[in-house]
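Good morning, and thank you for coming. I shall present one structure today; please look at it on the screen before we discuss its parts.

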Amino acid sequence: MSAGSHDAKALVEVEDLRVWFPTRRAPTAERRGYIKAVDGVAFTVRQGETLGLVGESGCGKTTTARAILKLLEPTEGRIMFDGVDLSTVSGRDLRLLRRRMQPVFQDPFASLNPKRTVARIVAEPLAIHRQGTRAQRRERVAELLDTVGLPPDAAGRFPHAFSGGQRQRIAIARAMALRPDLIVADEPVSSLDVSIRAQILNLMSDLQQEFRLTYVVIAHDLALVRQVTDRVAVMYLGNIVELRSTEDLYRRPLHPYTVALLSAVPIPDTEAEATRQRIVLEGDVPSPADPPSGCRFHTRCWLRRKLDNPDICSGETPPLTPIEDGGGAVACHFPDEVRTSSERRETLVTIGSR
Amino acid sequence: MTLGRLRRLEEAVAPTRLSTTLESLRPRTFLEFYGVAVIVVIVAAIAAAPLIAPDPLAQDLTSSLAGSSAEHWLGTDNLGRDLWARILYGGRVSVVIGVFVLLTAGAVGVLYGAVSGYAGGMVDAVMMRIVDIFLSFPSIMLALLISAALGPTIRNVIIAIAAAWWPVYARLIRGQVIVVKEREFVTASRALGAGPMRNLLLTVLPNSFGVMKTIFVLDIGYAILAGSTLGFLGLGVSAPTPEWGYMIREALQYPTHWWFILSPGLALMLFVSAINFAGGIVTRSVHEDPGR
């Protein structure tokens with residue numbers, strides 16, 4: 001999608017965001033338990049850009065998105081939207097803010113009210129925010145349906161009459177109704193048929209150009225992320241491990257986890273696919289209730305094993321550090337070793353990033 | 001857009017909601033047909049009572065406890081009142097009780113349960129313990145007590161039964177609301193800026209009625225039965241007003257005059273069972289609802 005220029009102003013600023021869910025209530029702090037879904041995340045979304053959040057299930061990407069939409073309250077940290085601290089707004093001000101940021105959810109079969117017609121679903125934001133008369137709303141709905149490529153007679157029907165792709169178009173039309181600045185899309189195409197995905201992504205891209213939208217797109221499919229994002233934040237267990245421009249991330253990854261993710265990207269060449277060497281991460285993602293010490297990835301890190309398990313990996317948490325040559329940041333104690341590793345070279349050759 | 005694509009789109013979209021609902025409400029099995037037919041006949045007869053039956057209150061002691069005749073189709077009761085007329089007018093009382101108990105108990109229960117389930121936490125816990133207290137009494141006991149305290153009028157009978165029944169609906173709706181409020185379109189609505197009132201009334205509630213609908217229709221029958229039970233126990237609608245339960249009670253004193261007890265008993269049985277059979281249609285319709 002359209003590249004946000006580097007000096008564009010920040011629309012969303014996330015500072016040291018933590019979202020912990022209590023698992024055990026207890027009178028004393030030591031006995032309390034938490035799922036640390038998001039544990040110290042910071043990033044900026046620039047006006048007009050598309051930022052991708054990627055990672056395995058449970059890495060905190062959806063929680064981060066919900067916190068941006070103020071559907072969840074941060075345990076700690078701050079989220080600024082266009083200079084306004086989200087935790088300080090409520091009531092009317094919050095409603096005004098909500099007009100400017102809209103969600104698109106993963107499953108269009110779940111995110112549309114089955115008891116309402118498409119016209120009422122698409123007009124719901126207008127009704128909530130008391131925009132226009134009934135006739136004006138009807139006109140706007142027709143306009144929106146046309147924008148997202150649905151026939152005008154869709155208005156009178158119910159969501160169950162539509163396919164997944166059509167439903168996602170309805171969800172996008174709803175999100176566009178108030179002409180928002182930001183759309184937070186949580187896996188917008190992952191529940192759709194592969195043949196439909198490109199259509200929806202193209203639609204989102206067209207809308208971005210036409211209406212100067214800013215997107216935060218959550219995905220776990222790296223191939224898709226490469227296609228649509230300007231910058232990508234790779235998340236692991238509630239932390240950002242690498243935050244880069246999309247091109248840098250795919251051509252010059254600097255975190256062992258990113259390299260491992262790239263080595264799992266499917267490639268169209270069946271022969272190469274069959275013989276390729278994948279970096280297999282051992283074990284499961286550790287529990288976010290009891291994350292590993294130091295670098296959270298150290299328990300599964302291929303590079304740590306290769307370097308003979310240096311103490312620093314399990315002893316010290318690597319901060320997200322700006323990268324010297326070029327933009328972006330990475331949270332690893334040994335980015336230079338990643339850069340020169342044979343694993344990275346082979347991975348990049350296999351997926352054709354070189 | 002080419003013509004072919006347009007046509008494909010037209011084929012892809014299903015018929016509108018209303019027509020599918022009406023279609024799914026058509027009776028299909030024999031019992032469903034039977035139920036609907038009996039209800040239609042009974043309701044029509046009750047509505048047309050003044051045209052097809054004499055005065056249900058007119059006494060004629062000279063012809064008390066008479067059998068079937070051209071003048072009195074179903075015979076007369078102990079005071080010589082026409083049983084056919086009393087059955088029809090008694091049916092009016094039953095229908096009024098059935099419908100209004102459901103409306104009252106339903107409205108109170110739905111509102112209470114919806115608020116409880118949507119609020120959650122302590123509010124929910126306290127509200128549900130109150131419901132538990134109500135449910136710990138046998139509902140007919142509760143209705144009897146309330147009816148005895150308020151006095152025997154149709155209005156009070158409705159209040160008494162509704163007071164005993166609303167907790168059932170409250171609990172039912174609460175369970176549904178708790179499930180529905182976690183669904184994604186509710187979160188979506190919240191993210192769009194909808195407040196809790198709008199969310200509950202316009203988004204959560206309309207999607208919480210599925211189970212309730214099926215029980216609701218069957219319960220009309222049981223409300224009629226409950227009204228008659230109160231009448232039978234002498235705590236229902238007061239004396240001169242014809243009411244099926246009270247008629248059965250009166251007839252008990254004249255066991256040799258079988259038509260006296262048979263008419264209200266049969267009327268009650270026919271009506272309530274017909275409602276039960278017809279209720280199957282609603283159950284099926286809810287199951288077939290694609291948007292449920």
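Four strands of chain A make up an open sheet, ordered S2-S1-S4-S5, with antiparallel pairing. Strands here are DSSP runs of E with at least two residues, helices are runs of H or I with at least four, and both are numbered from the N terminus. Two strands pair if DSSP finds at least two bridges between them. At the edges lie S2 (33–46) and S5 (84–85) of chain A, each pairing on one side only.

A word on the source: this is a predicted model, in which local features need pLDDT of at least 70 and side-chain atom pairs count only at pLDDT 80 or more, while totals for chains, interfaces and linings use all residues. Residues are numbered from 1 along each chain as its sequence is written, and chains are lettered from A and ligands numbered from 1 in the order in which they are written.

Within the sheet, S1 (residues 10–24) of chain A is joined to S2(A) by eleven bridges, and the two run antiparallel. Opposite Trp20(A) stands Lys36(A), in S2(A).

How many residues does each chain bring to the contact between chain A and chain B? Chain A gives 25 residues and chain B gives 23, where contact requires C-beta atoms, placed from the backbone, within 7 Å. On the side of chain A that touches chain B, helix H2 (91–100), strand S6 (101–104) and helix H3 (118–128) of chain A each supply at least two residues.

Finally, H3(A) passes H4(A) in a right-handed crossing, meaning that the near helix is turned clockwise from the far one by less than a right angle, anticlockwise being left-handed. The contact involves Ala119(A), Val122(A), Ala123(A) and Leu126(A) of H3(A), and Arg137(A), Arg140(A), Val141(A), Leu144(A) and Leu145(A) of H4(A).

Notes:
Contact = placed C-beta atoms within 7 Å.
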